[in-house]
Amino acid sequence: MAVNEERLMEFLHKFVGDLGATMAAGGVVIGDRLGLYRALADRPMRAGELAERTGTAPRYVEEWLRGQAAGGYVTYDAGTEEYSLTEEQAFALTDPDGPVFMPGAFQLALGALKAEPEITKAFRTGEGVGWHRHDADVFAGCERFFRPGYSANLVAAWLPALDGVEAKLRAGIRVADVGCGHGASTTLMAQAYPESVFTGSDYHGDSVEQARKRASDLGLEGRVRFQLAGAQDFDGGPYDLVTTFDALHDMGDPLGAARRVREQLAEDGTWMIVEPAAGGSVSENMNPVGRVYYAFSAFLCVPNALSQEGGYALGAQAGEEPIRQLTADAGFSRFARVAETPFNIVYEVRP
């Protein structure tokens, strides 16, 4: 075999970067859980001072800081031997309610990787691995990964992009949030539109319980309820608005879910589908965002779909056309792409 040395070195360089990033994921989660980033955002510190401030062991913190600085997540001043966060680093690493929060994504990734033995087995057998079988960090990390994008865009851009829907929400309508997980999307909408009532549903019992607790903590009881139900059998309609956030592609029977939405939706209602950003072909997804979503999809989305009846396994990079076709097959007549971000595409579907 003739190996081109220059191309080999380029590939090894990629490997070293990926290996460092893989191990750094654990460091980011540790930094978040121990409050290291938040403490460091206040002012520059040496390792010992940061350890004292956070109640952690100095030698561990010293090594953590060195690795974080080498990876560009922390800034190091060789003259003072102090570490700090730039405004941009602090913006992305310290505020779980901000528009960007990186630790949540790494928490999700580490949680998903814990299922590697099961996923490896599934590759051999073709069997599925249900969402409910994953580590708890998958559920918590998923919310912390997606919530910042929802916080930044849902009320400010996505709902206003739907024809006439925001005015209805302000006046007061009934909304179903299908596949709600921990209820981040449901509670964000409920807080923004106090005249409307919301029903979130999910098949994962622990997530439903967490969603109920979140709603109670926010004082939303009475206007927000959560039911344990799959996307193919949620009830309580007719609803004026049904939403699915980064969920349709995970289902083994998304067509059944689409038909159920059609049954539960008012005749003049709207279904808002939020899905991962994706092009219409594999080639269009050969980019960093596509890489992230394909990787998560192989561990989470496709295995979950294959664990359910229905015969679908769309994956996180399905693209627009399969979603459009599903809605048409379910009896919807209108479909439009109304908004997008680097990570999501928003579709408006009507009867």
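Predicted model: local features only at pLDDT ≥ 70, side-chain atom pairs only at ≥ 80, totals over all residues.

Guide: The chain is divided into domain 1, residues 5-93, and domain 2, residues 102-350.

Visitor: How many residues does each domain put into the contact?

Guide: Domain 1 provides ten residues and domain 2 provides eight residues.

Visitor: And what separates the centres of domain 1 and domain 2?

Guide: Taken over C-alpha atoms, the centres of domain 1 and domain 2 are 33 Å apart.

Visitor: OK, what about area? How much is buried between domain 1 and domain 2?

Guide: About 880 Å² is buried between domain 1 and domain 2. Carbon and sulfur atoms give 63% of that area.

Visitor: Switching to charges: how many salt bridges are found across the interface of domain 1 and domain 2?

Guide: Three salt bridges are found across that interface.

Visitor: Which side chain meets arginine 33 in a salt bridge?

Guide: The side chain of aspartate 137 does, with 2.7 Å from N to O.

Visitor: How many residue pairs are in polar contact across the interface?

Guide: Four residue pairs are in polar contact there, with both residues at pLDDT 80 or more.

Visitor: Back to domain 1. Which helices supply at least two residues each to the side that touches domain 2?

Guide: α1 (5-33) and α5 (87-93) do.

Visitor: Which one gives the most?

Guide: α1 gives the most, with seven residues.

Visitor: What classes of residue are on that side of domain 1?

Guide: The side of domain 1 that touches domain 2 has six nonpolar residues, one polar residue and three charged residues.

Terms used. Residues numbered from 1 in each chain as written. Heavy atoms only, no water. Domains from an automatic or database assignment. Contact = heavy atoms within 4.5 Å. Buried area = accessible area lost by both parts, 1.4 Å probe. Salt bridge = Lys/Arg side-chain N within 4 Å of Asp/Glu carboxyl O. Polar contact = N/O pair within 3.5 Å; in protein donor to acceptor, adjacent residues only side chain to side chain. Helix = DSSP H or I, 4+ residues; strand = E, 2+ residues; numbered from the N terminus. Nonpolar A, V, L, I, M, F, W, Y, C, P; charged D, E, K, R; others polar.
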